[in-house]
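Subject: Structure handover and findings

Hello,

Here is the structure for you to take over. My notes on it come after the sequence and coordinates.

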Protein chains: 2
Amino acid sequence: MSETLVGHVLRRLKQLGIREVFGVPGDFSFGISDPICQDPELRWIGTSNELNAAYAADGYARIKGFAALCTAFGVGELSAINGLAGSYTEHLPVFHLVGMPNTKTQRERRLVHHTLGKGEFDVFLRMAQPAVCASSILTPENAASEMERLVTAAISHRRPVYLGIPADHAAARLPQGAAAVRQVPAPATDREALKEAVELIAAKLAKARTAAILAGYLITRLGCQEAALTLVEASNLPFATMFMDKTALDETHPQFIGMYDGRIMNPEIREFIEDCDCVLNLGALWSDLNTGAFTAHIDPAKMMAVMHHHVRVGRAFFPNIEFCDALEELTRKVRKKKVTAPQVHGLGEPQGAPDDKITPAYLYPRWEKFFRPGDLVMAETGTVAMGLAFARMPQGSTFQNQLLWCSIGWATPAALGAALAEPARRTILITGEGALQMTLQEIGQFCRYGCKPIIFCLNNQGYLIERLLCKDPMECYNDLAPWNYQQLPEVLGCRDWFTARAATNAQLEAAMEQAATCGRGAFIEVVTEKMAAPPMALKLHESIQTLYGLKRVGE
Amino acid sequence: MSETLVGHVLRRLKQLGIREVFGVPGDFSFGISDPICQDPELRWIGTSNELNAAYAADGYARIKGFAALCTAFGVGELSAINGLAGSYTEHLPVFHLVGMPNTKTQRERRLVHHTLGKGEFDVFLRMAQPAVCASSILTPENAASEMERLVTAAISHRRPVYLGIPADHAAARLPQGAAAVRQVPAPATDREALKEAVELIAAKLAKARTAAILAGYLITRLGCQEAALTLVEASNLPFATMFMDKTALDETHPQFIGMYDGRIMNPEIREFIEDCDCVLNLGALWSDLNTGAFTAHIDPAKMMAVMHHHVRVGRAFFPNIEFCDALEELTRKVRKKKVTAPQVHGLGEPQGAPDDKITPAYLYPRWEKFFRPGDLVMAETGTVAMGLAFARMPQGSTFQNQLLWCSIGWATPAALGAALAEPARRTILITGEGALQMTLQEIGQFCRYGCKPIIFCLNNQGYLIERLLCKDPMECYNDLAPWNYQQLPEVLGCRDWFTARAATNAQLEAAMEQAATCGRGAFIEVVTEKMAAPPMALKLHESIQTLYGLKRVGE
């Protein structure tokens, strides 16, 4: 017998390496969730709600390359849509499988639950379209060919795709031979444009006295770490990284010089980068928070950027060049150059005595020392990520944050996704208590699915990043309900976890020691003063004018 | 000086009776949240996340008529969109205030956080449009007139509206005299159509041997309880209510005969209603779950329906008739009729001995007895609402559930909204543990904002409604992480609450006694067997064929 529609979809997802599907069940999507549960190669990961499922899928895709999410029609998919938009923004291919009412119900425009009550069944697909790069409502007839189109779109654009599956189609058999459909070709590089652009870059580099590379997030998103590293080594150029791009390449590499963040931080890196004769940007975005509130300023004439589907050399734009192709061609053309550059340094020694209250000057350097090779560090949007951005990460470790979409609450479920994507690595979640309140539920799933993360929850009694950006830091909307964070794991079913509350440096030391050695999951509440912020967050506070585009650098 | 843009918006919202604004702060929306916090007549209600804020606003609008919600651009508004779509579906006017990046940033298409990274700033408004009845991006020039248009839309259609406010416009002054703008007229009833339709109905009623009224949810949504009651009494006709419409009119009224739910429940009510010569439907929807899985069947020739903007008599459709106008005109035309109808009965006595484990046969009748006049009962989607649907509610009490949109998780935040809308009434939240896991955060806000609800959380170890609707009830996606529910209030900051876990009838009795008299908030975990379902849920399980439109009644 031929494959069922959902059987076909799941087989294609498994070919991409997907082994877990995140979701919340719903009556219209049983036709999808049933075969997932029955597939010995797949695991259903039930989250407490759909937004959290989408965040978890985002975290999984960051580590595994692709992810899948299954929700019900209407209520489920709209709950997830913010998470999906985040994956879109940050270039993460998540397959969103949506179980729809059966075709008879749709055809008869029946007044059924989970609809807006107007007999329209494609309205949620339309709402989702800006957050996906391709979408389809599958039928037994179109499923095989549509699936190829959607898979190619997800691979080429590294964005989410939407698959609507009417309940009665889920178990329908595909026509005989349908699965033998031809794959849809991915966009191909324009070889002539590639040659011209790469020659231009190589010539500029050859002539330059000083040059540097920026290693951007697209390197990891497109799975080109090896190609990028080969290019970096072939050029012998020093490389820096921007905030969103952290750990795009190994931070222990001898050519790594540290983090570039415009005028906000690391003045010696800024000086070096901005004084270079040319800068080769490998997939970094020029966004507000990635450029130190738009204070990063590299003369456009000196910039050469290899981006997802194009290359830019100075002001010349070369479309239709794929990222990896450009890296490889550049590797063939560049010559080794010797450039004197700053030495990388991390956060240094924690500052403070054992019985002192914890301050950022102790906390962030201490976290840096806590990280080990291979760690998966998930850093929540807000002041914690800003403090960690300048930590030097160990070899083989991965630092993830969500710097363009910045949806607070993302990190906890995303850490669940990451932990399930690579269970052999240590997952460390660093979040703030305001963010934790948004999505705390998924703490319970770590235990349920056999993960042993180490979770740090920074409790500074409110939304610190908002306090730093608004007019009156003490405005009431920055306050939170006073939770007892330390008890959360136990209440959410993680009964054997190590938990602690640390308010002094000595307490933090003891808790970290336990967390690192206990062999169980760990949750540490780290208490600091209300306004205790790391340097970058304080600088951002001083840079509101450039952050919001009200002033340009130097104005 | 003239009003600021946000000052003007807030003044109009206050005129509608809004005193609380639900939200989560964000940097682009400080221009809205700052003046809310500073307004002595308004209260900022911070929820843990934006979906919960939207649900809370929905609950508030159900009791107070209108509600307001304030979120940040992109991340915040998309997180809330499922809640807003629920309010749209269920006819609840919620004003969604969205703080957008400033106009300079938008004009320059800057790459800023909370965008999809493509320089588009109206994309989220476009995504929201299917979930609102009107939308606008406000400027100092258009704010006064647009606000009138939006207010009229919210009043006329009882659906959410979307107000985008660029950060730099928030505090901008309106042009002198702008606030004196003319109000936008609401749709007016076509008096000729009204006369004709009402005469037809009155004639049919006069001729009928037996007739009945269905009191629908639009009565409460449109604030027409008095007009509807006057009509019901003028006609002297017996009235029944459907599931979504529960407590649309007082269930202790002598003309109330009980709940009509097709072939699913209450056969004597069905027989009476379906045998009437004509049935006057005052604003009830013919949706799947409101009609006993489409088993309610009234001959279309006998049906007369007064709906939001139209009247239908048999197969004749009369557009442009407003609901309240029709009620009033009907009251003038109908004559009293004597009809013998079934007597209303509630759930009867709880069945079981004190030391028995709690079963639905004990639980639902016991809840019925627990309710008092004036209670606000918020019933979560799922089996709990189905068990409560047939309870007879005390005078002046309100029963809310979300039967068309059916977004599980709605009830907990919605109960917060309801409790804040009428603090003098007792708020009782009845939810399941699967639903509670979705949105538990807001338990903490009850305490923080001085509410003392009584919360019952039914723990039956999984999503029972899904178990009843899917193929294999024991499929893994119906399971949940095993939380310790009873500890939740304390951990979420409700330290003085009464909490209990009841597994036997006697334990339930003791806990209810305490909850009713302790004068504090209360949280009771009610433990039942995995498959213990009330009769309606079991019947639904048997009616899957008609529920999903695969069979019609009698086929």
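The notes below go from the symmetry to the chain interface, then to the domains and the salt bridges.

Please keep in mind throughout that this is a predicted model.

Symmetry

Chain A superposes on chain B by a rotation of 180 degrees, with 0.0 Å of shift along the axis and an RMSD of 0.0 Å. That is how a two-fold axis relates two copies. The residue of chain A that comes closest to this axis is M127(A), whose C-alpha lies at 2.4 Å from it.

Interface of chain A and chain B

On each side 90 residues take part: 90 of chain A are in contact with 90 of chain B. Of the interface residues of chain A, 100% are also interface residues in chain B, so the copies meet through the same surface.

The two chains bury about 7,400 Å² between them, and carbon and sulfur atoms give 58% of that area. L111(A), Y477(A) and V491(A) supply 9% of what chain A buries against chain B, which is more than any other three residues supply.

What holds for charged and polar pairs here? Helix α4 of chain A, residues 75-89, gives the most to the side that touches chain B, with eight residues. Sorted by class, that side of chain A has 44 nonpolar, 29 polar and 17 charged residues.

Domains of chain A

Chain A is divided into three parts: domain 1 covers 5-180, domain 2 covers 191-333 and domain 3 covers 360-542. My notes on domain contacts concern domain 1 and domain 2 of chain A. Their centres, taken over C-alpha atoms, are 36 Å apart.

Seven residues of domain 1 of chain A are in contact with seven residues of domain 2 of chain A. Together these two domains bury about 620 Å², with 46% of it on carbon and sulfur atoms. On the side of domain 1 of chain A, the residues that lose the most area to domain 2 are E90(A), H91(A) and R158(A), together 64% of what that side buries.

The count between domain 1 and domain 2 of chain A is one salt bridge. E90(A) also forms a salt bridge with R221(A), in which the closest N and O atoms are 3.5 Å apart. Five residue pairs are in polar contact between domain 1 and domain 2 of chain A, both residues being at pLDDT 80 or more. By class, the side of domain 1 of chain A that touches domain 2 has one nonpolar, three polar and three charged residues.

Salt bridges overall

Over all chains the rule counts 50 salt bridges. One of them joins E148(A) and R12(A), with the closest N and O atoms 2.8 Å apart. E148(A) lies in helix α7 (residues 143-157) of chain A and R12(A) in helix α1 (residues 5-15) of chain A, so this pair ties together parts that are 136 residues apart in sequence.

Regards

Note on methods. Residues numbered from 1 in each chain as written. Chains lettered and ligands numbered in written order. Predicted model: local features only at pLDDT ≥ 70, side-chain atom pairs only at ≥ 80, totals over all residues. Heavy atoms only, no water. Least-squares fit on C-alpha atoms with pLDDT ≥ 70 in both. Contact = heavy atoms within 4.5 Å. Buried area = accessible area lost by both parts, 1.4 Å probe. Helix = DSSP H or I, 4+ residues; strand = E, 2+ residues; numbered from the N terminus. Nonpolar A, V, L, I, M, F, W, Y, C, P; charged D, E, K, R; others polar. Domains from an automatic or database assignment. Salt bridge = Lys/Arg side-chain N within 4 Å of Asp/Glu carboxyl O. Polar contact = N/O pair within 3.5 Å; in protein donor to acceptor, adjacent residues only side chain to side chain.
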